[in-house]
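Subject: Handover of a structure, with notes

Dear colleague,

Please find below the structure that I am passing on to you. My notes on what was found in it follow directly after.

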Amino acid sequence: MTLSIHDLHKAFENRIRLGIMSALAVNEYLDFNALKELLDATDGNLATHLKSLEKENFIKVRKSFVGRKPNTKYSMTPEGQKAFTDHINALERIIQSQK
Amino acid sequence: MKNNQNYSQDIAHIRSIMEQSTRFMSLSGWAGIMAGIYALLGIWFANKWLGYEPGGFGFDRWVGIDFKPASLIGLGLAVLILSMGTAIYLSSQKALKEGKKPWNSASRRLLMNTAVPLVAGGITMLAFISQQMYSTLIPLSLIFYGLSLYHGGRDSYKEIRILGIFEIMLGLMSLFLIEYSMFLWALGFGFLHIVYGIYLHYKYER
């Protein structure tokens, strides 16, 4: 079987983007602060990566207010789910084939 | 281009983030030990001072004279609140020490998942109390608590689920062996908590 570095999605090369997808894969939704704490990222850095994932249509953003504070919730789209699963499968195949 | 090791690290990173975001791993072993001690003190107090003796009640209606259900409910609530308070305090301290926020998506999930069976159990017990069926309080508390641990255990250490199974088994046993139910309760809420607390402490906190 030939594969593969090409099966890896460019969007997930970055650790923070990979982390965002991992966390959203197992949580219905997470807000900005939860992701920030989990991934140990700065506001600006995290926001940039979230934007780019949103542009790819991998994550969905829902803005609301808790009291007066704005609250932004992120969740994974079906497309994101598929891309992420494909990415993990590709990673596993590459590791297997190089053993 | 990345090499093989980097890909393995990616997988490890994915796994670690998934676990951190769903499972609360800052539960304190000491909280278990303290809960066990409160429970033993509580059951001793209920028996010696409140005259609670399930074997003497008969299964359906209580026939004694000296027993005050209100003080038993109060005592039960006191043990519950002390145990929860200690667990929340010690676990938050532990989380803060590990540089995590105690109130995060994982602890929220753990709390919700344990609260549902626990609240349902509490209401069930109130209904039985209102029918003066005091003997059933011990089995019910063990069973519902066990269900709650079993259900919530997915969101924390996997050992919690096994503790849940033990509590459920003790609860079911005490349904059949009402005269031994105080002993089984002390075993479940007292002894097992202490054993589990010590085990978690040695396994995860050293």
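This is a predicted model: local features need pLDDT of at least 70, side-chain atom pairs count only at pLDDT 80 or more; totals for chains, interfaces and linings use all residues.

Over chain A as a whole, pLDDT averages 87, and 92% of the residues score at least 70.

Chain A

Chain A contains four helices and three strands, and their order along the sequence is α-β-α-α-β-β-α. Its C-alpha trace spans about 55 × 25 × 20 Å along the principal axes. Of the 99 residues in chain A, 29% are buried. Where contacts in chain A join residues at least 6 apart in sequence, 55% of them are between residues at least 24 apart.

Helix α2 of chain A, residues 32-39, deserves a separate word. Its residues Ala34(A), Leu35(A), Leu38(A) and Leu39(A) are buried. Viewed down the axis of α2(A), these buried residues fall within an arc of 110°, so they line one face of the helix. After α2(A) comes Asp40(A), which has a positive phi, near 60°.

Helix α3 of chain A holds Ser52(A). Where along the chain does Ser52(A) have a counterpart whose C-alpha atom is 8.2 Å from its own? The counterpart is Ala11(A), 41 residues apart from Ser52(A) along the chain. Ser52(A) itself is partly exposed, as 15 other C-beta atoms lie within 10 Å.

The loop between α3 (43-55) and β2 (59-66) of chain A contains Asn57(A). Although Asn57(A) is not a glycine, its phi is positive, about 70°. Is Asn57(A) buried or exposed? Asn57(A) is exposed, because 12 other C-beta atoms lie within 10 Å and a residue counts as exposed at 12 or fewer.

Chain B

Chain B has seven helices and zero strands, so that its elements, taken from the N terminus, read α-α-α-α-α-α-α. Its C-alpha atoms fill a box of roughly 80 × 25 × 25 Å along the principal axes. Buried residues account for 38% of the 206 residues in chain B. Of the contacts in chain B with a separation of 6 or more, 71% are between residues 24 or more positions apart.

Helix α7 of chain B covers residues 181-204, which is 24 residues. From its first C-alpha to its last, α7(B) reaches 32 Å, close to the 34 Å expected at 1.5 Å a residue. The helix α7(B) has a kink of about 30°, centred on Leu187(B).

Gln132(B) is located in the loop between α4 (105-130) and α5 of chain B. Its phi is near 60°, a positive value in a residue other than glycine. With 14 other C-beta atoms within 10 Å, Gln132(B) is partly exposed. Glu179(B) is located in the loop between α6 and α7 of chain B. Its C-alpha atom is 9.0 Å from that of Ser135(B), although the two are 44 residues apart in sequence. Glu179(B) is partly exposed too, with 13 other C-beta atoms within 10 Å.

Where the chains meet

Yours sincerely

Note on methods: Residues are numbered from 1 along each chain as its sequence is written. Chains are lettered from A and ligands numbered from 1 in the order in which they are written. A residue is buried if 20 or more other C-beta atoms lie within 10 Å of its own, exposed if 12 or fewer, and partly exposed in between; C-beta atoms are placed from the backbone. Helices (H or I, at least four residues) and strands (E, at least two) are DSSP runs, numbered from the N terminus. The arc is that of the directions from the helix axis to the C-beta atoms. The expected span of a helix is 1.5 Å times one less than its number of residues. The bend at a residue is the angle between axes fitted to the seven residues ending there and the seven starting there. Two residues are in contact if their C-beta atoms, placed from the backbone, lie within 7 Å. pLDDT is the predictor's confidence in each residue, from 0 to 100.
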